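Look at the structure below and follow it part by part.

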Amino acid sequence: MSATATPLSPRRPRETAGSPLLLGHGRLPRVLAGTALVVLAAVWLLPFVWAIVTSVQSEQDVSKPGLSPFKGAFTLDAYRQILDRGNVPVWAFNSLLIAGLVTLITVAVSTLAAYGFSRGTFRGRRALLAVTVAAIMVPPQLLIVPLFKQMLLFDLVDTYAAVILPQVVAPMMVFILKRFFDGIPRELEEAARIDGASEFRVFWSVILPLSRPIVAAVAIFVFIGAWNNFMWPFIVTNDSDLMTLPVGLATVRDSHGVQYVPGMASALLAALPLIVVFLFFQRRIVNSVATTGLGGS
Amino acid sequence: MTARSPVPAPPPASAAVSGFSRRRLLGAGLAGAGTLLAAGSLSGCASPAAASGSSALSVWDLFQGGDGLLMDDMIKAVSEEGRGFDVDRTILDWGPSYYTKLAMSAAGGRASDVAVLHLSRLAGYAPGGLLDPFDLDTLAEFGVTEKDFTAAVWARTQHDGTVYAIPLDVHPFIVFYDKDTADKAGLLDSSGELASMGSPEAMLDAGKALAEASGHAGIVFGHVNDTAQNWRLFCALYAQTGAAFTLPDGGPPEMDVDAAIRVVSFLQQLFDGRTNPNNLDYYAGLTMFSSGRGGMAMLGEWELPTLKKAGFPLGAAPFPQVFGRPAVYADSHSFVLPHQDDPDPARRREAHRYVAEMVKQSLTWASAGHIPAYQPVLAKPEYAALKPQSSYADAGKVAVLDPPNWFTGAASSFQIRMCQPLQSALLGDTTAEKAVRQMVREADTLLKQPNPVA
Amino acid sequence: MTTTAPPGTGPRTGPDTRRADGPRRTRRQRSLSAPGSGLVFVLPFLLLFVLFLVWPVVQGLWMSFTDSSLTLRDTAFVGFDNYAEAFGDPDVWSSLGNTVFFTVVSSVPLVLIALAMALLVHSGIAGQWAWRLAFFAPYLLPVTVVTLIWSWLYQPDLGFANQLLDALGMEPVGWLSDESVAMWAIAALTVWWTAGFNFLLYLAALQSLPTTFDEAAALDGAGAWRRLWSITLPQLRRTTGLVAMLQILASLKVFDQIYILTKGGPNSSTRPILEYVYDVGFTGYRLGYASAVSYLFFALVIIVSLVQLRLFRQED
């Protein structure tokens, strides 16, 4: 009754199995808890199931009344239709490109800054750090109006740069990384320094390798945040060919008007990438929530 | 989402794209990314359209459903003819969200080459520099000139004497009627069309006669929680009294309060809740009429495709003249050139040619009920043969649009604010006078806001 | 993963912070010992930080005192006009009210249901992997996917919700079109969408709790229910504080799902303050006024944060 083996992560450690103590040894609490869990999970999975079942039928069949999800013949027409039109692949590419670049730049810039804040002795370090930490309080949504004005000024509206750049400033991530770097014993760097390693080399060869889990955690959350970000990309892109998946799906329409079957099919296609990523990196993602204690920006 | 206009406002969902859009797929995307990475600075990447040097003309509109498919047909027609076009069509949601995106893209300077705009909203776009003017000489080369449009509509295409919009259609608020019921009620003239009314009393009598003939309601009008219907009806009748409604910046609005009260009192009498129901919402009104439980309905002509399926002989007429002069509330889908910082002259010329070719295709557009704005199409025998469209074609000559100001027009908060007091009056929750005073106050509030356009 | 700092312990614990402040220890080393050292590492961040955070914060404040417009005309300084207008604008207050209402009706279940999920999963029932996937998967969905799926569930004629009511012999509900229901419907969707994140925070906290008290109580014969109330839940207090704080701040910023599903309707009954900012700023072109409304909202966020921090500190 401890950890059960799961197909995808056989190396899962015991500690995630939970505490049997919580339920005691009685039979009743176990049955009650099991029932509650199954019901809750069923409720949580229901929207997915409903969407999947809808997406593999025809619009006419789905329009029949009735609670049964299966109302007609199985068909993958909706998926074919979406892939033929080509918008969803373009948006998926944009999402991938934008989320990838945002993650890359954020991680690079934030780890460097965190190292500077952790080990640096430059004047104004404390003040700068304080300002950075204070900036965590600023909700990014507050800035949409001035940021849009700024993008007008730089003539960047409707460019990838406009979507990406404002997303790479992540004071929270700098703070999380700095706290972690602070905890790395200095003795480890001393040796490298004595050998004459440059400061960047110490950062690159000593600090970063020791910080893999936290960097991965930060990267995962920045990526999820950027992949799912809606408001800013929605505001700064008008050209359909520059939109990300969430923005394109919410903004651009079809000459047929509302059709639920292609709607569900495109929703599921858009959902797929991160669900797959989750299946493969489940443990890492779960741990990263614990590690950073926070979600994306 | 009760806003209802030329295109049924759809609930959110559904992904996208037209069959014509030539997707400049991943290659262009990579080009953009490459530019970004290479430049590595704020001078950044242009949109893929510019990056690829593509000749595809990007066009924006807000047509889905029946209108959306007709637009597809028209684009297909102009694309295949002669020199043709390579058109990349983007469809956005009808309503405020479309207009917000249009303004933001124009402010950003990388807008689409051509876009559709309700003429009633021109005053919110042209003065602020969000639209670029048309070159009339270029248009004339492609066979489209001022004389191809009615004066009532052409007058609204301009700001400071410069033309910013080329109308595709006029879509008036009209009456549909069941020909059998109207015949039984004795309302048809010798040619089988709706006879003119001419006075408030005549319309009240017509309502009673229709109610008797249908066995249910006389005139149906759905307005509850709608964001435009009451305003359309009021605006038409108020203009029929000959009074003007003007909105000078800073306020106060200039309205003939007595005339307005007369109109609202008349509407209260007409929709008394017995002969003609006063508490329908848009869909209830539509359903009631299309299921034969009402003799006449006050609706936009864009409901024609829906009503044609109703299964009774459908008649249509311009909104009847009840007061001193004929006037019909209308709007117009028109083509505009959203502002581009650095337009390519050849592309601009193509945009002009595209607009000219599209308005010439408006016979297709007329099948949805819209009146082509381009008069040579109206003169064609094919148009005269379109029934009941040709019965209300004259509405375009007496079209009245929203009073121009930056905050008015289709899908604007102004229309919603005008509708609310009118709805209360029709539901009997307030008097005509109080409703009119409320409308004046609402308009004043909007006028007191600093004008962000001028 | 031994370096993992449990979330429940908040920012105070985790790796020792005091060490960083002892530059003396590296005095003998080259670059970092010199005054000014380390700055170069911070510079790229600083540049972006100033450009895309400090500048807009300052610019937004400045804009809130102007009549800045989305259109291309000139801007003039208007003093406190925008703020005066905002305080007298009923739409500001109603959208603030909607925001607070949403925050309350979404945050409470988002904390409680996440806690229940974590406790149930932590109890060690077989299939850990599947439970975690079921509860956390929605959090990975982009907002539009969530709204597409739920607009279909809420669809008036054919949607699951009304079909279910119909099967139970009940009247259909206008989930997104009835003023008295719409905000609840959006809160329900939000709970489904984001509870998974709070669930993981709780799960991580549970897994790092010391089990000694629990074991001792179990030996003393305390029942499962009793131990939950008197041991586990009190141990989770700091985590609950953190989860609640993050959740309230997140809920106050609601925009995406509401904008996509209802555009703030019906009759503005679901319009949150951020959508009002969008509406007046971009739909209505009045960027200056929108900035002023944003800053009022910012003031609210800061007040809420400070109050929470205060409560958080007192709890210690």
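The C-alpha centres of domain 1 of chain B and domain 2 of chain B are 31 Å apart. Domain 1 of chain B covers 25–35 + 55–168 + 332–384, and domain 2 covers 173–329 + 412–448; such bounds come from an automatic or database domain assignment. Four residues from domain 1 of chain B and four residues from domain 2 of chain B form the contact, where two residues are in contact if their C-beta atoms, placed from the backbone, lie within 7 Å. On the side of domain 1 of chain B that touches domain 2 of chain B, one residue is nonpolar, three are polar and none is charged. Here Ala, Val, Leu, Ile, Met, Phe, Trp, Tyr, Cys and Pro count as nonpolar, Asp, Glu, Lys and Arg as charged, and the others, Gly among them, as polar.

This is a predicted model, in which local features need pLDDT of at least 70, side-chain atom pairs count only at pLDDT 80 or more, and totals for chains, interfaces and linings use all residues. Residues are numbered from 1 along each chain as its sequence is written, while chains are lettered from A and ligands numbered from 1 in the order in which they are written.

Chain A is also assigned two domains, domain 1 (21–78) and domain 2 (81–292). Their centres, taken over C-alpha atoms, are separated by 33 Å. Ten residues of domain 1 of chain A are in contact with ten residues of domain 2 of chain A. On the domain 1 side, helix H1 (27–55), helix H2 (59–62) and helix H3 (77–85) of chain A each give two or more residues. Helices (H or I, at least four residues) and strands (E, at least two) are DSSP runs, numbered from the N terminus. H1(A) gives the largest share of that side, four residues. By class, that side of domain 1 of chain A has four nonpolar, four polar and two charged residues.

Now turn to a strand in chain B. Strand E2 (residues 87–92) of chain B has six of its six residues buried. A residue is buried if 20 or more other C-beta atoms lie within 10 Å of its own, exposed if 12 or fewer, and partly exposed in between, with C-beta atoms placed from the backbone. In a regular strand the side chains alternate between the two faces of the sheet. In E2(B), Val87(B), Arg89(B) and Ile91(B) are on one side, and Asp88(B), Thr90(B) and Leu92(B) are on the other.

Which strands pair with E2(B)? Strand E1 (residues 57–61) of chain B pairs with E2(B) in the parallel sense over five bridges, and Leu57(B) stands opposite Val87(B). The chain goes from E1(B) through helix H3 (residues 65–80) of chain B to E2(B) in a right-handed β-α-β crossover; right-handed means that, with the strands pointing away from the viewer, the path from the first strand over the helix to the second runs clockwise. Strand E1 (residues 252–253) of chain A is joined to E2(B) by two bridges and runs antiparallel to E2(B). Two strands pair if DSSP finds at least two bridges between them. Arg253(A) stands opposite Ile91(B).

Chain C has 13 helices and zero strands. Buried residues make up 48% of its 316 residues.
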